[in-house]
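Read it with the model open.

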Amino acid sequence: MSDSSASRLDQLRFLERVQVRDLQRTRDWIAAEEQHLAAEAHRQPPPPPPEWLIEHGIGSGRPAVRVHVGGCWDTRTRCKPATADVARRALAEGVEACTHCRPDTALGVLD
C-alpha cells in the first residue's frame with residue numbers, strides 16, 4: 001500500500017470516529033429531550049374531577065350506595081363519574097346522598 005493510500009485510509013478512519021462521536025452526541029441529546037418531555041408530562045395538572053360521582057358497593061351487581069359531588073373528599077375507590085341527570089335519578093330512586101358534600105342540595109333534589 002502506498003503512502004497516499006495509507007494517508008487516505010487514515011483520513012477516512014478519522015472521519016468515521018468524528019461521525020460516530022457526533023452520532024452519540026445526537027443520541028444523548030435525544031435521550032435528554034425525551035426525559036425532559038416525560039418530566040413535563042408528569043407536571044401537567046390533573047384533569048378536573050367529574051361533576052358528580054356514584055359510589056358503588058362491593059360484590060356482584062355492585063349496586064349504587066351513595067351519590068357525591070365530584071370534588072367530595074369522602075369518596076371511595078368504587079366511584080364512577082355520572083351526569084347530573086344520572087345523579088338526580090339515583091337520588092330519586094333512593095340512593096343515599098353523601099352527608100358531607102350534599103349532592104341532593106346541589107342538584108335541588110330534597111326529600
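H56 touches R62, P63, A64, V65, R78 and K80, leaving aside residues up to four places away in sequence. The model is predicted.

H56 sits in strand β1, residues 52-56. Is H56 buried or exposed? Its relative accessibility is 18%. The cut-off for buried is under 20%, so H56 counts as buried.

Now the strand pairing. Strand β2 spans residues 64-69 and runs antiparallel to β1. Strand β2 also pairs with β4, and these two run parallel. The table gives the bridges and one facing pair for each.

| Strand pair | Direction | Bridges | Facing residues |
|---|---|---|---|
| β1 and β2 | antiparallel | five | I54 opposite V67 |
| β2 and β4 | parallel | two | R66 opposite E96 |

Next, a loop residue. Where is R102? It lies in the loop between β4 (96-97) and α3 (103-107). R102 is not a glycine, yet its phi is positive, near 50 degrees. Most residues other than glycine have a negative phi. R102 has a relative accessible area of 34%, so it counts as partly exposed. H56, at 18%, counts as buried.

Note on methods: Residues numbered from 1 in each chain as written. Predicted model: local features only at pLDDT ≥ 70, side-chain atom pairs only at ≥ 80, totals over all residues. Heavy atoms only, no water. Helix = DSSP H or I, 4+ residues; strand = E, 2+ residues; numbered from the N terminus. Buried < 20%, exposed > 50% of the residue type's maximum accessible area, 1.4 Å probe, protein only. Contact = heavy atoms within 4.5 Å. Pairing = 2+ DSSP bridges.
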